[in-house]
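Trainee: I would like a close look at a single part of this structure.

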Amino acid sequence: SYEFKIFKGNRMLWGALIINLFNFMLATATTTITSYYYTYYVGNPAVIGTVMTIACIVGSAFNIVVGPLLTQKLGRNALYLMSGALIIICWVVTYLAMKNIVVLTIAQSFFQIGVILFSNIIFRSVPDAVDWGEWKYGVSAPGMVTAAISFFQKLGIGVATFLVTAALTWVGYQEGT
């Protein structure tokens, strides 16, 4: 189909697809590992709901209010790096927090801010990718771009689930032990 032309040389689209793949791998792996972390490392699986609910509310509220300002003020690359650094720092703080629920909640809130900022950049890139394809090839294919984004999301979820399962198997994880 002529719509596939939009992929040829469209760096904006390929960048959005690859970042989207890694974003969904990150989100899926983190979500999957979270239950293991709180159950076996922190020793309190009941905390998952409270910590993650607060973190998601804080992350969403921050990104509704401040996210658009940051995306306008900073370039995409700077925002990618800032979001990625924030996510990595939050992983380290979460690991070091041990059983301190306040620190865990704060770290997870900042983690959510980083992940949602990352997602904002991806979806901000979609119209640019569509416009580039229309300018270069005369093909307006928003449906094709959206389908590709959706495919890469599912691919990221599948790859992350496989990797987490392989890692837990490799370390000898046994449920309930």
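How do the residues of the lining of the largest pocket divide into nonpolar, polar and charged?

Mentor: This is a predicted model, in which local features need pLDDT of at least 70 and side-chain atom pairs count only at pLDDT 80 or more, while totals for chains, interfaces and linings use all residues. Residues are numbered from 1 along each chain as its sequence is written, and side-chain values use heavy atoms, with hydrogens and water left out.

The lining divides into 14 nonpolar, 4 polar and no charged residues (nonpolar: Ala, Val, Leu, Ile, Met, Phe, Trp, Tyr, Cys and Pro; charged: Asp, Glu, Lys and Arg; polar: the others, Gly among them). A pocket here is an open set of points on a 1 Å grid over the protein atoms alone, where a 1.4 Å probe fits, with protein on both sides within 12 Å along at least five of seven lines; lining residues have an atom within 4 Å of a point. The largest pocket has a volume of about 430 Å³, the volume being the space filled by probe spheres set on the points, which are joined across faces, edges and corners. Of its 18 lining residues, Ile33, Thr34, Tyr37, Trp91 and Tyr95 are the closest to its centre. Two or more lining residues come from each of helix H1 (11-42), H4 and helix H6 (142-170) (helices are DSSP runs of H or I, at least four residues, numbered from the N terminus). H1 gives the largest share, 8 residues.

Trp91 lies in helix H4 and is partly exposed, with a relative accessible area of 41%, because that term covers values between buried, under 20%, and exposed, over 50% (1.4 Å probe, protein chains only). Thr94, also in helix H4, is buried at 7%.
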